[in-house]
Amino acid sequence: MPEPDGAPRRRDERSRVQGASMRDSSGRDGPVFGALDLGTNNCRLLIARPARAGFRVVDSFSRIVRLGEGLSRTGRLDEAAMDRAYDALALCAERVVRRGVDSARLNAVATQACRQAENGQEFIDRVRRGTGLKLRIIDPVEEARLSVEGCINLFDPKAEAVLVIDVGGGSTELSWLRKSGAEMKTVAWMSAPLGVVTLAERHPEPAGAGAAWYEAMVGDMSAALSVGSFDDDEFRRLFATGQGHLVGTSGAITSLAGVHLNLRRYQRDRVDGLWMTRAECDAAAEKLKALGPKGRAAEACIGPDRADLVLAGAAILDAVQRAWPSERVRVADRGLREGMLLQQMREARKPQRRRRGRGRGGQAAGAAAPET
């Protein structure tokens, strides 16, 4: 395979070492694991080795592909959108091979766009035939669980309740967690069928857009939240008394944080884990409205690819904050991929059970055969 160009320095690049390297009994670095997430808007890959404090990033890749463009109108994946996604996935496949990620240690998933599209499975099959990547379409339950797994070390240890909001391109997953003993446990979850792409397509930005356009997006998301949303008096009491907080994970929310910090370039180490107040979220959204499409495209933390989506993300967060008032939001530049990696590494650490008894030649029955 040809060597791909180096990964562009985008918001999703991971450069920070997380903990010391874990070595095997021979003193060598442990095996590499990969997590690939094909969403409605982005194609993202993260490759890492286990470390004592989580994992150490080896390589990463992110590209905006807008796979779900037009899906809400047609019910199908567009040909041009599939081509964009396929090209990005081909680069991911090259990186997987170059970094020596064994197929058993690669977790590759597709989310809302492929779940919803009539031809979603057809595209998955095309990718498998052309690149060798075996993408698995996951349901919203697994998507929400993995996003929580990836964000869990950002929870305030003093909090009694947490609401995790994972804003995607085609859907938004919400997970309500409550402290049980020393752990936070999920007590409810929901998937709202609106993300930044679908909401922006439903509400195109008019010339001279004002408050009414933005409020229409907030209202649309609020209506989606009201259908099957978790409602619990004790959880609301914990939030009302300051014992609960939100965690927001998505490119739109990290963009909001970058604008709040007035960053001249995106800096993950300043954004990931940032606490924002409700007033600061509102002020950042107001600044984005005032900038207009061209001004947003010129912002270093947004760029032209996200200029028409970032306010949809702000409206989704706003709707959640109105439904579940909380003074604090913790911004997470992490989520699904990190959750997949942590889950894989945890499973790999579990001791393998061996069956009792002996086979021919005195070997234990069920022992692994030599690799061929």
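Reader: Helices are DSSP runs of H or I with at least four residues, strands are runs of E with at least two, and both are numbered from the N terminus. Where is Val227 found?

Author: Val227 is found in the loop between α7 and α8. Bear in mind that this is a predicted model, in which local features need pLDDT of at least 70 and side-chain atom pairs count only at pLDDT 80 or more, while totals for chains, interfaces and linings use all residues; residues are numbered from 1 along each chain as its sequence is written. Side-chain values use heavy atoms, with hydrogens and water left out.

Reader: Got it. Is Val227 buried or exposed?

Author: Val227 counts as exposed, at 62% relative accessibility. The cut-offs are under 20% relative accessible area for buried, over 50% for exposed and partly exposed in between, with a 1.4 Å probe and protein chains only. The C-alpha atoms of Val227 and Ser191 are 10.0 Å apart, although 36 residues separate the two along the chain.

Reader: Zooming out, how many helices and strands does the chain have?

Author: There are 13 helices and 11 strands. Of the 372 residues in the chain, 52% are buried. Contact here means heavy atoms within 4.5 Å. Among contacts with a separation of 6 or more, 71% come from residues 24 or more positions apart.

Reader: Back to α7. At what angle do α7 and α12 pack?

Author: Helix α7 (residues 211–226) and helix α12 (residues 310–323) pack at about 55 degrees, and their axes are 8 Å apart. That makes α7 oblique to α12. On the terms: axes are lines fitted to C-alpha atoms, for helices over the stretch in contact, and angles run from 0 to 180 degrees between N-to-C directions. Under 35 degrees is roughly parallel, over 145 roughly antiparallel, 65 to 115 roughly perpendicular, and the rest oblique.

Reader: What residues make the contact?

Author: From α7, they include Trp213, Met217, Met221 and Leu225; from α12, they include Leu311, Ala315, Ile316 and Arg322. By class, the contact has 14 nonpolar, 1 polar and 3 charged residues. Nonpolar covers Ala, Val, Leu, Ile, Met, Phe, Trp, Tyr, Cys and Pro, charged covers Asp, Glu, Lys and Arg, and the others, Gly among them, are polar.

Reader: And how do α9 and α11 pack?

Author: Their angle is about 90 degrees and their axes are 9 Å apart, with α11 spanning residues 278–298. That makes α9 roughly perpendicular to α11. Leu256, Val259 and His260 in α9 meet residues of α11 including Cys281, Ala284 and Leu288.

Reader: Switching to rings. How many aromatic pairs does the structure hold?

Author: The structure holds 7. Rings of Phe, Tyr and Trp (its six-membered ring) pair if their centres lie within 6.5 Å; planes under 30 degrees apart are stacked, over 60 edge-to-face, and the rest tilted. Phe230 and Phe235 have ring centres 5.7 Å apart and planes at 85 degrees, so that pair is edge-to-face. Phe235 and Trp324 are also an edge-to-face pair, with 5.4 Å centre to centre and 85 degrees between the planes.

Reader: Which parts does the pair of Phe235 and Trp324 tie together?

Author: Phe235 sits in helix α8 (residues 233–240) and Trp324 in the loop between α12 and β11 (328–332), so the pair ties together parts 89 residues apart in sequence. Phe235 is buried at a relative accessible area of 0%, and Trp324 is buried at 2%. Ring pairs link Trp176, Phe230, Phe235, Phe239 and Trp324 into a cluster.

Reader: Last one: where does Val247 lie, and what does Val247 touch?

Author: Val247 lies in strand β9 (residues 244–249) and is buried, with a relative accessible area of 0%. Not counting residues up to four places away in sequence, Val247 touches Cys151, Phe155, Val162, Leu163, Val164, Ile165, Arg330 and Ala332. Val247 and Asp156 are 91 residues apart in sequence and 9.8 Å apart in space, C-alpha to C-alpha.
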